[in-house]
Amino acid sequence: MAGAARRRDGHIAQERMLEEAMAAIAENGLATLTMSALAERLGTSGGHILYYFGSKDLLLLEALRWSEAALTQERHALLARRLTAERKLDLFLELYLPRGPRDARWMLWIELWARTPSNESLRRAQEEMDQGWQDDLEALLAKGVARSRFAPMDVPACASELLALLDGLSTRVVLGQRGTDRDRALSVARSATQRLIVRAER
């Protein structure tokens, strides 16, 4: 029982660190997040954080995985709702795009993309998380076609193209580029989706 209690405490401690890391990134940006700064926010030592994560790179990766896990639950809940395929697709767009230029999850994604060419473990982690979005979008589109809500399409290709578009729009939002706030990005995404995912004729 004592060992189990320690494992539970350790799991809670890790979640607290990840939660605080995401909050710090949202408040001050990724560049200012250091192990010592995070330790100060948590009232602990940098060594204590390293005990759980080993390095800043691993901390950032686990923070992203933690954030993505919550979104995965939201996606699955969305797919299970009794809504039309068109409505589900629109809500999928809203879920995918960043909330604004200080969206911590998207700041982590951009950082991960920059590091993956030279880091095989990061590349595999990125592909795994990307595949979850791809699989769920394919399922949504395939169901829409099967129910005659969408016209026949190459589902994997359309899903990949739409996700690539959303990645580009999301990057522009996070970088704070002029004229590309969340509302504008969502409007562009909806317009492009209507051209890419054609509604079935009734």
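Visitor: How many salt bridges does the structure hold?
Guide: The structure holds 13 salt bridges, a salt bridge being a side-chain nitrogen of Lys or Arg within 4 Å of a carboxyl oxygen of Asp or Glu. Because this is a predicted model, local features need pLDDT of at least 70 and side-chain atom pairs count only at pLDDT 80 or more, while totals for chains, interfaces and linings use all residues. Residues are numbered from 1 along each chain as its sequence is written, and side-chain values use heavy atoms, with hydrogens and water left out.

Visitor: Which residue pairs with Glu20?
Guide: Glu20 forms a salt bridge with Arg41, and their closest N and O atoms are 2.7 Å apart. Glu20 lies in helix H1 (residues 2-28) and Arg41 in helix H2 (residues 35-42), so the pair ties together parts that are 21 residues apart in sequence; helices (H or I, at least four residues) are DSSP runs, numbered from the N terminus.

Visitor: And Glu20, buried or exposed?
Guide: Glu20 counts as buried at 12% relative accessibility, whereas Arg41 is partly exposed at 31%; buried means under 20% relative accessible area, exposed over 50%, and partly exposed in between (1.4 Å probe, protein chains only).

Visitor: Switching topic, what does Asp90 pair with?
Guide: Asp90 forms a salt bridge with Arg87, with the closest N and O atoms 3.2 Å apart. The two are three residues apart in helix H5 (residues 85-96), so about one helical turn separates them.

Visitor: Which residues are linked in a network there?
Guide: Salt bridges link Arg87, Asp90, Glu94 and Arg190 in a network.
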